[in-house]
Amino acid sequence: HILMADAGHVCPVCFVSYNSQEIETHVNQCLDNEPDKSAASVELPTPSLTKQKRKSPPPQKKPSSAKKKRVLDGRRALSMSQPYADALVRGIKNIENRNRVVFRPQDSGGMWVYIHASQSSMDFPKYAQERLWPDMPHINTMERGAIIGGAYFKEVVPLEQVSDELWATGPWCYIIGSAVRFDKSVSCKGSLGLWKVPEGLDLPPYPQTHNCTESSDLILLSKSKTEFSNKNIA
């Protein structure tokens, strides 16, 4: 169809005005040159069959639940109050109680530790003395502020595992395998926890084995027993 305009005829394809002689020829040319919109194919982006993976951050290493073994070098000592220090080195006390785990002797298959008697003393009730250490010497005769012996610590366990032990009060209990009382104590200042003995301090060496002849091999004492023999080391 050809549109009519004031200036002449208008091409229905390009909407340009032409006179009556030119319009028909021009319309045919426009129709020949016009692309077939119905046949034209519109290229659409084809979606990828596989979704593009987002880059995930590198996996973080989970903290290991296994505790690392603490390797201890040099001579170590543990301070404790009287009369408990003397009771331990004399082979009477077979459990050392602590509020927290100071060290884990089982990580190295057992460990010898020097026993330091601190300047302080702790109450030892008479009923406990009669039950645990009937022949205990007077506390004023016990040495203080010195390393008085050594003990072989086998392992540390929670109170629940040794609740039947007479000396066990927890919450953490160190099981003592052997103990040695020195003929001569060595005066020195103690410290908290498991502390390193100062270099130059003249101390007897650790026994080569926890079954040394100078020690009393301790056994776990049950509360059901009323008699127990102790080998006191002079």
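A residue is called buried when its relative accessible area is under 20%, exposed when that area is over 50%, and partly exposed in between, using a 1.4 Å probe and counting protein chains only. By this rule glutamine 82 is buried, because its relative accessible area is 0%. The model is predicted, so local features need pLDDT of at least 70 and side-chain atom pairs count only at pLDDT 80 or more, while totals for chains, interfaces and linings use all residues. Residues are numbered from 1 along each chain as its sequence is written, and side-chain values use heavy atoms, with hydrogens and water left out.

Start with the whole chain. The protein has 234 residues, and 38% of them count as buried. The protein exposes about 16200 Å², of which carbon and sulfur atoms supply 51%; accessible areas come from the Shrake-Rupley method with a 1.4 Å probe, and for residues only the protein chains shown count as cover. There are three helices and nine strands. Both are DSSP runs numbered from the N terminus: helices are H or I runs of at least four residues, and strands are E runs of at least two. Read from the N terminus, the order is β-β-β-α-β-α-β-β-α-β-β-β. A contact means heavy atoms within 4.5 Å. Among contacts in the protein with a separation of 6 or more, 76% are between residues 24 or more positions apart.

Next, look at strand β7, residues 146-158. This strand is mostly covered, with ten of its 13 residues buried. Two strands pair if DSSP finds at least two bridges between them. Strand β6 (residues 111-121) and β7 run antiparallel and are joined by seven bridges. Tyrosine 152 in β7 stands opposite tryptophan 112. Strand β8 (residues 172-187) also runs antiparallel to β7, and eleven bridges join these two. One of the paired positions is proline 158, whose bridge partner in β8 is tryptophan 172. In a regular strand the side chains alternate between the two faces of the sheet.

Isoleucine 147 is found in β7. Isoleucine 147 counts as buried because its relative accessible area is 0%. Leaving aside neighbours within four places in sequence, the contacts of isoleucine 147 include Tyr114, Ile115, Phe182, Val186, Cys188, Trp195 and Leu203.

One of these contacts is a cysteine. Cysteine 188 is buried, because its relative accessible area is 15%. Cysteine 173 is also buried, at 0% relative accessibility. The structure holds zero disulfides, a disulfide being a pair of cysteine sulfur atoms within 2.5 Å.

Now return to glutamine 82, which lies in strand β4 (residues 76-82). Its side chain takes part in polar contacts, which are pairs of N or O atoms within 3.5 Å; within protein, one atom must be able to donate a hydrogen and the other to accept it, and residues adjacent in sequence count only if both atoms are side-chain atoms. A polar atom of the glutamine 82 side chain lies 3.0 Å from the backbone nitrogen of aspartate 86. The side chain of glutamine 82 also reaches the backbone oxygen of glutamate 143, at 2.7 Å. Beyond its neighbours within four places in sequence, glutamine 82 is in contact with residues including Ala117, Met122, Ile139, Glu143 and Ile148.

Side chains of opposite charge can pair when their charged atoms come close. A salt bridge is a side-chain nitrogen of Lys or Arg within 4 Å of a carboxyl oxygen of Asp or Glu, and a search of the whole structure finds four. Aspartate 86 and arginine 90 meet in one of them, at 2.9 Å from N to O. Aspartate 86 is buried because its relative accessible area is 3%, and arginine 90 is buried at 15%.

Lysine 93 forms a salt bridge with glutamate 96, and their closest N and O atoms are 2.7 Å apart. Lysine 93 counts as buried at 2% relative accessibility, and glutamate 96 is buried at 5%. In a further salt bridge, the side chains of arginine 104 and aspartate 107 meet at 3.4 Å, N to O. Here arginine 104 is partly exposed, with a relative accessible area of 36%, and aspartate 107 is partly exposed at 21%.
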